[in-house]
Amino acid sequence: MTRVALVFPGQGSQAAGMGADLLDVAPAPDLLDVAAAAGIDLRAALGGDEEGLRPTEIAQPALLLVESVLALHLLAAAPDVEVVGVAGHSVGEYSALVAAGVLDPTVAMRLVAARGRAMAAMREGGMTALLGATEEVATAICAEVTASGGGVVVVANLNGPGQVVISGERAALDAAAAAAKAHGVRKAIPLRVGGAFHSPLMAAAAEEVGALIDAAPLAPAAVPVVCNVDAVAVRDPEALRERLRRQLASPVRWSDCVATLAGLGAEVVVEVGPGSVLSGLTGRIDPGLRTLQVASAAAAGELPAALAGVLRG
């Protein structure tokens, strides 16, 4: 039996046309209703253009819907596939929790709708990708800027070898980008995001969402969930709750998450959702892992055959 890990992309992977074949597949209608009750017309957003999907308060619930429906369809269509663990990048972690049976999809949608709104309201600051930087170099750059009075800037995403994202106040990000050249960083690229995600500037949003997480029902995970904040594989619902509560203002340790999934015995990493960002990162983090993408209901149903093909290749 092929051992797979399911991974779920985060904000930035959304794309026009995603989920076009999923909106009438259970539990999508229920999730559309939950989003509508929160004032979000996801059916219209998913039927529109890429610009309409860009706002944080739209992108996050849209990704949750597409990824959760795909995951549940995949698991039903491929019961003989052995899932050794799941993980999601930032908001993708909520889809991972749905796939593991920790969160009911409608509960996840309520949480993600609130998360997206809370994050969108935190408009201070931004994020910058440091290409060619290690964690140590990025951490040193942030420490230099902060120590010199340049403002708040921290390491936010450890995505893979040579790809670190920092987050913080805009003046501090500019200072960090300038300092990066002296540290041999190849390029500093500002990201098109609405705020300083995964930094202390998200503290108010984290507290607001954390209160909802505390009140949400969580079940024991059917398979290990590898968590963003520390890359530990967790099944206990209270341990998952504590990590989910910390996630929004803490770094995403994605490179370590992939290493943990490999340690659980994964042979193939299946990216569930739009695009192939996580598949590309996986190849750089651990070239021994094979990757597949499932972005449609048809692809979910064909997973066993696709797995056989990728392993033969």
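User: Which element supplies the largest share of the lining of the largest pocket?

Analyst: In this predicted model, that element is α12, which supplies 3 residues of the lining. Other elements that each supply at least two residues include α3 (50-53), α4 (56-77), α6 (105-121) and the strands β3, β4 and β5. The lining holds 31 residues, and Q11, G12, S13, L191 and V193 are those nearest the centre of the pocket. The space within the pocket comes to about 740 Å³.

User: What makes the unit of β9, helix α12 and β10 a right-handed one?

Analyst: A crossover is right-handed if, with the strands pointing away from the viewer, the path from the first strand over the helix to the second runs clockwise. The unit formed by β9, α12 (residues 277-285) and β10 is a β-α-β unit of this right-handed kind.

User: How do you know that strand β9 and strand β10 pair?

Analyst: Two strands count as paired if at least two bridges are found between them. Strand β9 (residues 268-272) and strand β10 (residues 290-294) share 5 bridges, in the parallel sense. The pairing can be followed at V272, which stands opposite V294 in β10.

User: Why is T134 called partly exposed?

Analyst: Partly exposed covers the range between the limit for buried, under 20%, and the limit for exposed, over 50%. The relative accessibility of T134 is 40%, and therefore T134 counts as partly exposed. T134 belongs to the loop between β3 and α7. Between T134 and L158 there are 24 residues of separation in sequence and 8.7 Å in space, C-alpha to C-alpha.

User: Why is S199 called buried?

Analyst: Buried means under 20% relative accessible area. The value for S199 is 0%, so S199 is buried. S199 sits in the loop between β6 (187-190) and α9 (203-215). Beyond its neighbours within four places in sequence, S199 is in contact with V154, S167, L248 and A249.

User: What makes the phi of H198 worth noting?

Analyst: Most residues other than glycine have a negative phi. H198 is a residue other than glycine, yet its phi is positive, near 55°. H198 lies in the loop between β6 and α9. With 3% relative accessibility, H198 counts as buried.

User: What is the phi of S90, and why is S90 called buried?

Analyst: S90, also a residue other than glycine, has a positive phi near 60°. Its relative accessible area is 10%, and S90 is therefore buried, the cut-off being under 20%. S90 is found in the loop between β2 (82-88) and α5 (92-99).

User: How do you know that the peptide bond joining A26 and P27 is cis?

Analyst: Omega is about 5° for the bond between A26 and P27, and this bond is cis. Most peptide bonds are trans. P27 lies in the loop between β1 (3-8) and α1 (28-37).

User: How many cavities of 30 Å³ or more does the structure hold, and what lines the largest cavity?

Analyst: There is 1 cavity of 30 Å³ or more. The largest cavity has a volume of about 40 Å³. Among the residues that line the largest cavity are Y94, R115, A206, V209 and L248. The elements that give two or more residues to this lining are α9 and α10 (237-247). Of the elements, α9 gives the most, with 4 residues.

Definitions and conventions
Residues numbered from 1 in each chain as written. Predicted model: local features only at pLDDT ≥ 70, side-chain atom pairs only at ≥ 80, totals over all residues. Heavy atoms only, no water. Buried < 20%, exposed > 50% of the residue type's maximum accessible area, 1.4 Å probe, protein only. Contact = heavy atoms within 4.5 Å. 1 Å grid on protein atoms, 1.4 Å probe; cavity = no way out; pocket = protein on both sides within 12 Å on 5 of 7 lines; lining within 4 Å. Points joined across faces, edges and corners; volume = space filled by probe spheres on them.
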